[in-house]
Amino acid sequence: MSTRPVRVGVAVAAALGLPLAAQQVVRKEGRTEAPVAAAAPVTGRVEGLVVDSLSQPIAAADVWVVDSEGTTVARTKADGGGVFVLGRVPMPEFRYWQVHASAPGRLEATDYVAPRQGVGAARLQLFDAARLAGRVVDEGGKGIAGAEVVVAYNRSRVVRSRCVATTDAEGGFVVDAAPLGLLDVSATAPGCECGETTVHVTGAAEGEAPVTVRLEPGEGLPLAVEVAGLSAEEAVDVRVRLLPYRDGGARELPPRLVAGRLDADGKWRAQGLPKAQYRVSVTARDLSFEPREVVLYQQHRGARMLGPAPEATSDPVARFRAFRVENVTLRGKVVDDAGQGLAGETVVARAANGGREATARTADDGTFTLVSPLAPGVECVFYLRESTWITAQEPQMDQGYLDRRDLLWHRAKVDPAHELVLRCKRPAVVRGRLVDGEGQPVRWTQVTLEESSATRHPTWMYWTRTLTAADGTFSFRVTALEDAARVAVEGPQGAGVSAELQLRWGDVYAVGDIVLTAPATIAGVVRGPRQDPVPGARVWLRDWDFGTNQQKSGSVVETVTDRQGRYRFVGVPPGGAWLQVTLDEAFPMDRAAEPFEVKSGDALEFDLVLK
C-alpha cells in the first residue's frame, strides 16, 4: 500500500473505477532508439474529478489553476458528476500546475499536476469543514485585542489546513472553514508566551462551542538568528523561517512567531516561543547561506515536551554566513560511456532540494557553459532534461549511504576552476499500457516503478512514477539496477502489477498491457463508547501478510470521518488489510478491525469503535 494519501490522476470517464481483471506480459525488445523531439506546447489542458471525504463526486465545485506568482490563470466549475476540464491553460513555469478546488461547507484542496503530452489530471478531495469561534484572554479573563491566532490540523496525514485570524477589540476571532477533528489552536500577543489549546470540531448543526485561549505574560524560549557577511541593505531582505516540531511531527504556530526579516544588523529574535524543537533557515534572492539549516532545542523524535521548558543551550542562537550569488561561469562536457561528446543536450543545474535552476545546451563536441544558480562551494546537482541519455554517476566513498534515486543526478560542488564531466549512458526503458477489464485504455493515471531489496523491509519500494497518456501508454527511463524492478498501479481505478524486470543499461522492456483488477472499497462508521458517531476521527488502512502473520510494511493510507462519522476507502488493492482509528495519537497502537482479506471488487463494511 502507498504511504501517501491517494492523489493520483484520474481517467475522467471512469474516475471511480470499473469492473476489471489482471494479467501481465513482459518481454525485452533490445536497445532504445532516439525519439524525435517535439516542440513544447504553449498551453495545455487540466482535467479531473472533485470528490468528498467518501470519494463521492461534488457537483458545481469551483476549480482553478494558479501560476508560480499565485495568479489565477484558469477557472471553471465541476459538472454534476464532479468532473472538470480546463482548456488553454498556460504551461507551468516549473513543470507543475497548481490546481485548487473548493465548495461550500468544505475545505479547499490543492493538487500539483505534471503535464503529460500537454494534459494533466487531478483528483481533488474536499473534506468537511465547520465555523469555529473563540476568544483570546489574559490571566484575568480579559479579552486581548490584536492577538494572532492559528487553527491547524497538525495530526492528520491527509487533511492539511492552517487558518489564521486576528482578534477584535474584545479578543474574539472567527475561522469560517476549520476542518473536523481534534485541532490545535495557538495564539500570541506582545509580552505574552504563546498559548495553546485543543478543540474537537464536529460540524454539529447547532454550531461549535466557542474555544478560549489563555495567554500568560512572559517571553517563552529564547531563540535568535544572526547572519554574517551582509550589508545593511541586504540584511533587511533576508527572510527567517522556523519550523517547530513536537510529539513526532511538525506544528503550526502564529506567523509572527516563526517568520520575519532580519534587521539592518543581520539579526532577528523570536518572542514568546512555546516548548518545541525548531529548525531554522534563512533565504534571500541572489544569496545562499551556510549551513542550510540549524536545529535548536533538539529533542528525540516523538518525545513529548511536557513539564518544564527544555534546558536552554549555552548559546540558543542560530548562526549563518551569507554568500552572494555571483555570475559564476561553469564549464563542462557531456560524454557517452565511450568518452565521445554528446551534442544538443540540455544540461540542468540546481540545488539538491530544488529552487532556482540554470540550463545550457551542449555544442557539437558536447561542451557547455552555464551561469551557476548557486555560490562557489555549495553542492549542486546536474542532469539532462528530455534526453535519450542519462547521467551515470558512480557513488563516492565519502558520501556514505546513497539512495539509488540519487544516482539519477551528478553531484558536485560549484567550482569555476574545475571542468565538469557528465558521463552518460543509454537508460533502461520500460514501456507498457494500462487498460481496464474491457481492454479500454486508462488515461492520465499514476503508474509507479518499484525496486526491490532482499535485505529491506518492505522488499518493494517506490523508485519513480509517471502518468499514462491518452491511449493508456506509459514509459520510464531509469538507471540499470542490480535488483529486480516492477511496474505497479494502485488507485481509484483498481490495482495491477507487472512481472519482475532486471533492468540493464540500454535495454528496452515491454510489459504489455497491465489490466487493472476491480477496485475494492472499505467503508463504515466510527462510533464512540456510547455509540454516537465521531466526526473528524482519523481512520488508518494498513496492509497485512497472512503468510508471515505480520504487517508487510509501515505503509498507512488515512482518511477522516465526515459529520456523520462515516469513512470510505476507494481503490483498495487485493491482499491482507487491517484498520486503526484515533483522534489525537501520532502513532495509534490499537486495532479497530483485525486483519482481513480484500478481494478484487469487494465492498466491505466495518463499523469501528473509538476507545
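Which side chains meet in a salt bridge at 3.1 Å, N to O? The notes below begin with that pair.

1. **Arg 411 and Glu 379.** These two side chains form the salt bridge, at 3.1 Å from N to O; the term stands for a side-chain nitrogen of Lys or Arg within 4 Å of a carboxyl oxygen of Asp or Glu. Arg 411 sits in strand S31 (residues 410-413) and Glu 379 in strand S29 (residues 379-385), so the bridge ties together parts that are 32 residues apart in sequence. Strands (E, at least two residues) and helices (H or I, at least four) are DSSP runs, numbered from the N terminus. Arg 411 is buried at a relative accessible area of 19%, while Glu 379 is partly exposed at 35%. Here buried means under 20% relative accessible area, exposed over 50%, and partly exposed in between (1.4 Å probe, protein chains only).

2. **What kind of model this is.** The model is predicted, with local features needing pLDDT of at least 70 and side-chain atom pairs counting only at pLDDT 80 or more, whereas totals for chains, interfaces and linings use all residues. Residues are numbered from 1 along each chain as its sequence is written, and side-chain values use heavy atoms, with hydrogens and water left out.

3. **The chain as a whole.** The protein chain has two helices and 47 strands. Of its 611 residues, 50% count as buried. Contact means heavy atoms within 4.5 Å; among the contacts with a separation of 6 or more, 67% are between residues 24 or more positions apart. The accessible surface comes to about 28700 Å², and carbon and sulfur atoms hold 48% of that. Areas come from the Shrake-Rupley method with a 1.4 Å probe, and for residues only the protein chains shown count as cover.

4. **Other salt bridges.** The structure holds 21 salt bridges. In one of them, Arg 106 meets Asp 128 at 3.0 Å, N to O. This pair links distant parts of the chain, 22 residues apart: Arg 106 is in the loop between S6 and strand S7 (109-113), and Asp 128 is in the loop between strand S8 (119-125) and S9. Arg 106 is partly exposed at 25% relative accessibility, and Asp 128 is buried at 10%.

5. Arg 45 and Glu 47 meet in a salt bridge of 3.3 Å, N to O. Arg 45 is partly exposed, with a relative accessible area of 30%, whereas Glu 47 is buried at 3%. Salt bridges with shared partners join Arg 45, Glu 47 and Arg 443 into one network.

6. **His 100, worth a look.** This residue lies in strand S6 (residues 97-102) and is buried, at 8% relative accessible area. Its side chain makes a polar contact of 2.9 Å with that of Gln 98 and another of 3.1 Å with that of Glu 108. A polar contact is a pair of N or O atoms within 3.5 Å; within protein, one must be able to donate a hydrogen and the other to accept it, and residues adjacent in sequence count only if both atoms are side-chain atoms. Leaving aside residues up to four places away in sequence, His 100 touches several others, including Asp 62, Trp 64, Thr 110 and Leu 124.

7. **Nonpolar cores.** A nonpolar core is a set of buried Ala, Val, Leu, Ile, Met, Phe, Trp, Tyr and Cys residues joined through side-chain atoms within 4.5 Å. The largest one has 30 residues, and Val 136, Val 151, Phe 173 and Leu 215 have the most contacts inside it. Elements giving two or more residues to this core include strand S9 (129-137), strand S10 (148-152) and strand S12 (172-179). S9 supplies the largest share, four residues. Not counting residues up to four places away in sequence, Val 151 touches Leu 132, Cys 163, Val 175 and Leu 183, among others. A second, separate core of 29 residues includes Leu 230, Ala 276, Tyr 278 and Val 280.

8. **An aromatic pair.** The whole structure contains four aromatic pairs. Rings of Phe, Tyr and Trp (its six-membered ring) pair if their centres lie within 6.5 Å; planes under 30 degrees apart count as stacked, over 60 as edge-to-face and the rest as tilted. Trp 544 and Trp 578 have ring centres 6.3 Å apart and planes at 80°, so they are edge-to-face. Trp 544 lies in strand S41 (residues 538-544) and Trp 578 in strand S44 (residues 575-582), so parts 34 residues apart in sequence are tied together. Trp 544 is buried at 7% relative accessible area, and Trp 578 is buried at 6%.
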